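Please look over the sequence and the fold shown here before reading on. The report is meant to be read beside them.

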Amino acid sequence: MKAASRYTRDYFLKSRIKKIVFWITAVAAAVLLALAYSYYFCQNIVVQESSMEPTLSAGDTILIDRVSYAFGSPRRGDIIVFRTGDDPKASLHIKRVIGLPGETVQIRDGQILIDGEIYMEKKGFPSINNPGIAEEPVELGKGEYFVLGDNRNNSEDSRYVDIGVIESSRIEGKLWMVTAPFEKFGLLRS
């Protein structure tokens, strides 16, 4: 009888150890996957300026998808995060992609022209008062993008020499979700 109870006790002990090892392994794997996921998809940043109003406001917290552009290129209408220079510590800016590589962008009479045709946006953004350098046609080379803030008359963007056209190497990722404030929580639509 003692041998049977010892066998039963050993069996339950080994079974418990297996369960504990399984759960430790599962939790460790989940933590590693969460870290990898958050590194590539969930970099949080807080909007610091009003240049993207009404879409985004100063103080909004957003998530950046850092993987999309590893497999594809920015599309017209995407809201991107980019660095103002090649230095990894250069400031981050948030703007909407308007012009794509190989296109010519110009702003005339408050309207955006792409390759000479008026660009009709889905959203009702205001007429542009200051075309900046885009008063003359801006030709985009390979890997270059023309970006504008949604707050068209209060945005430092590709119209200004300090920002200029954005090279793909400076693009950090695509905005995909607002996480705060709670009333704005949800996916961003282009």
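The sections below cover the chain as a whole, a sheet, the nonpolar cores and a pocket.

## Basis of the model

This is a predicted model, in which local features need pLDDT of at least 70 and side-chain atom pairs count only at pLDDT 80 or more, while totals for chains, interfaces and linings use all residues. Residues are numbered from 1 along each chain as its sequence is written, and side-chain values use heavy atoms, with hydrogens and water left out.

## The chain

The protein chain has two helices and 12 strands; these are DSSP runs numbered from the N terminus, with helices being H or I of at least four residues and strands E of at least two. Along the sequence the pattern reads α-β-β-α-β-β-β-β-β-β-β-β-β-β.

Of the 190 residues, 37% are buried (under 20% relative accessible area, with exposed over 50% and partly exposed in between, using a 1.4 Å probe and protein chains only). Among contacts (heavy atoms within 4.5 Å) with a separation of 6 or more, 61% join residues 24 or more positions apart.

Four strands form an open sheet in the order 7-6-5-8, with antiparallel pairing; two strands pair if DSSP finds at least two bridges between them. Strand 7 (117-118) and strand 8 (138-139) are the edge strands, each pairing on one side only.

Within this sheet, strand 5 (residues 104-108) and strand 6 (residues 111-114) are antiparallel and share four bridges. Val105 has Ile114 of strand 6 as its bridge partner.

## Nonpolar cores

A nonpolar core is a set of buried Ala, Val, Leu, Ile, Met, Phe, Trp, Tyr and Cys residues joined through side-chain atoms within 4.5 Å. The largest one has 12 residues, including Ile45, Met52, Leu56 and Ile79. Strand 2 (61-65), strand 3 (79-83) and strand 11 (171-180) each supply at least two of its residues. A second, separate core of 11 residues includes Ile114, Leu140, Phe146 and Leu148.

Leu56 touches Val47, Ile62, Ile94, Leu175, Val178, Lys184 and Leu188, leaving aside residues up to four places away in sequence. Leu63 is in strand 2, and it counts as buried because its relative accessibility is 8%. The C-alpha atoms of Leu63 and Leu187 are 9.5 Å apart, although 124 residues separate them along the chain.

## The largest pocket

The largest pocket has 14 lining residues, and Gly110, Gln111, Tyr119, Glu121 and Phe125 lie nearest its centre.

Note on methods: On a 1 Å grid over the protein atoms alone, a cavity is a set of points where a 1.4 Å probe fits but cannot get out, and a pocket is an open set with protein on both sides within 12 Å along at least five of seven lines; lining residues have an atom within 4 Å of a point.
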